[in-house]
Amino acid sequence: VRVVDQRGAPLTSLAAGDFEVTVEGRPRVVVSSEYQSAAGTQQSAVLMVVDRDNLRVDTSRVTLDAAAAFVERLPESHAAGLLLLPDGKSFEMGSGRAAMAGALRKMLGQYNPSFGKSVDEESIRASLHGAIGRMSARSGRRTIVYVTDRSLQSMHTDDLVRRAALSKVVFYVISADAPII
């Protein structure tokens, strides 16, 4: 969001409480805000965490292609990394984006609702907490994007979001959660 005064000068001292956000008419809490100069000199890091066990075999192609396009479109000032769950394979921060995007375009999800495979939620949570810890050690703006096709009813992300906020790491959960017909 870009906020300027009557002369067009940026307002640099706004706080989270100065903003009101609604999604589909429902108010959302703004946890933090910070001024970003238009010069683009601030370092940024984005870690994409892809949960293959929770990406559907038959619908994950669209999700993973969108994730690949996101990585390719990141500005050069953003370091990018990729962590694949459950196996923990990763492309370290600053790795080639073309290789990351290629890997995303080649993989498919592993979840098939017909088989009812159980998921190790504690392992997922531990991996996400570890990712937050690693990102909090980086300088500049830090963002984690957790990609899944279904949200686990028993796995709450509140503590992950809280830990990320306290560590000044932006934490997004992208969950298509598409029904299977």
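Visitor: Why is β4 called mostly covered?
Guide: Buried means under 20% relative accessible area, exposed means over 50%, and partly exposed lies in between, using a 1.4 Å probe and protein chains only. By that cut-off 8 of the 8 residues of β4 are buried, so the strand is called mostly covered. The model is predicted: local features need pLDDT of at least 70, side-chain atom pairs count only at pLDDT 80 or more, and totals for chains, interfaces and linings use all residues. Residues are numbered from 1 along each chain as its sequence is written, and side-chain values use heavy atoms, leaving out hydrogens and water.

Visitor: What makes β4 a strand, and which way do its residues point?
Guide: Strands are DSSP runs of E with at least two residues, helices are runs of H or I with at least four, and both are numbered from the N terminus. In a regular strand the side chains alternate between the two faces of the sheet. His78, Ala80, Leu82 and Leu84 point one way from β4, while Ala79, Gly81, Leu83 and Leu85 point the other way.

Visitor: How do you know that β4 pairs with β3 and with β5?
Guide: Two strands pair if DSSP finds at least two bridges between them. β3 and β4 are joined by 8 bridges and run parallel, with Val49 opposite Leu83. β4 and β5 are joined by 2 bridges and run antiparallel, with Leu83 opposite Ser90.

Visitor: What lies between β4 and β5?
Guide: Their hairpin has 4 residues between the strands, and Gly88 there takes a positive phi near 80 degrees.

Visitor: Why is the unit of β3, α1 and β4 called right-handed?
Guide: A crossover is right-handed if, with the strands pointing away from the viewer, the path from the first strand over the helix to the second runs clockwise. β3, α1 and β4 make such a right-handed β-α-β unit.

Visitor: Why is Lys168 called exposed?
Guide: Its relative accessible area is 64%, so Lys168 falls in the exposed class. Lys168 is in the loop between α4 (158-166) and β7 (169-175).
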